[in-house]
Amino acid sequence: MEEKREDMPVETFKKIVDEGVEEGLCSVKLQSRGESMIHHDLLDLLAYTKKRGVLDVHITTNGLLLNDNMIKGLVESGLDLFILSYDKEHAEATAMTLEEYTRFLQDVIKKIDKERKRCESHLKIKIQTCVKDYTQENIELLEKENRKIFPEADMVLINPIYISYEDDPHLLDLEDHDFFPCAYLWQRLTVYADGSVTTCSRDYNCKYNRIGNIETSSIRELWHSPTMRDLRKRHLQRRRQDFHICALCENYLINRKTGLPGAGCTGIVYEMDKNQES
């Protein structure tokens, strides 16, 4: 990232939620490519989002900053989905051994499970892990292993390891994939701490798919902006690769050789009628 990232001001966050709710906002994820637990007002932001009636609120974290008070606060705030990134490489960034790292996160998940039962919460737990050799066999093997390590988890997701820089292809075999329209363009906006708005978290510095800024435009204006309309139109016309970030991204791709998606989080891909290309 080229610029220092800071906490989003609480008032900016509330403006996003308030305007979004008026337009039918139903889901909020308090994280793009950073660490959810770093924000000093995280629990207050979660509680506010649920108070405003947003149905689906979730966060992704490596779990290393979680303690008993934070776990209690997350569950009591009304959080709907807790996503834990469990990757053995994370242990290398800590003072823990791999075994200590795994035991620590097992304890975190056990405490979350215990707390959600105490609160009679509908909170779901997802464990996601990346694998270098992304084959069906390895996906199934790692999924089975993670379910054994985290029996309390409701979902397990296995993703390929990808290069996530804004100027490099995210997959080394990108040329082996067919590109499909990205559903994100009809689902979400990414808003950074300074209010800058882009199409997705791949645009780290908001310089390729920049739409505007929440401080000077409303959510409705940004969502229906000429930039967003153009992006959607060209994706439907199979011209996704007109856009730098979209041409490098691993989401909504299918590997022609294996039939596997470019990313485990890819949902349905939409084949467009060739007559729509012109």
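Leaving out neighbours within four places in sequence, Gln128 is in contact (heavy atoms within 4.5 Å) with Thr60, Ile83, Leu84, Ser85, Tyr86, Asp87, Leu157 and Asn159. Gln128 itself sits in strand E4, residues 124-131. Strands here are DSSP runs of E with at least two residues, helices are runs of H or I with at least four, and both are numbered from the N terminus. Gln128 and Met155 are 27 residues apart in sequence, with their C-alpha atoms 8.4 Å apart in space.

A quick word on the source: this is a predicted model, where local features need pLDDT of at least 70 and side-chain atom pairs count only at pLDDT 80 or more, while totals for chains, interfaces and linings use all residues. Residues are numbered from 1 along each chain as its sequence is written, and side-chain values use heavy atoms, with hydrogens and water left out.

On to the charged pairs. A salt bridge here means a side-chain nitrogen of Lys or Arg within 4 Å of a carboxyl oxygen of Asp or Glu, and that rule gives a count of 23. Here are three of them, with N to O distances:

| Asp176 | Lys257 | 3.6 Å |

For accessibility, buried means under 20% relative accessible area, exposed means over 50%, and partly exposed is in between (1.4 Å probe, protein chains only). On that scale Asp176 is buried at 17%, whereas Lys257 is exposed at 67%.

Asp230 is partly exposed, at 30% relative accessible area. Elsewhere, a network of salt bridges links Lys72, Glu76, Glu115 and Arg118.

Now for a helix pair. The axes of helix H2 (residues 42-51) and helix H3 (residues 68-76) come within 9 Å and cross at roughly 10°. Axes are lines fitted to C-alpha atoms, for helices over the stretch in contact, and angles run from 0 to 180 degrees between N-to-C directions. Angles under 35 degrees count as roughly parallel, over 145 as roughly antiparallel, 65 to 115 as roughly perpendicular and the rest as oblique, so H2 and H3 are roughly parallel to each other. Leu42, Leu43 and Leu46 of H2 meet Met70, Gly73 and Leu74 of H3.

Finally, there's an open sheet of three strands in the order E7-E8-E9, with antiparallel pairing; two strands pair if DSSP finds at least two bridges between them. E7 (190-191) and E9 (212-213) are the edge strands, each with a single partner, so one side of each has no neighbour in the sheet. Strand E8 (residues 196-198) and E9 run antiparallel and are joined by two bridges. Val197 has Gly212 in E9 as its bridge partner.
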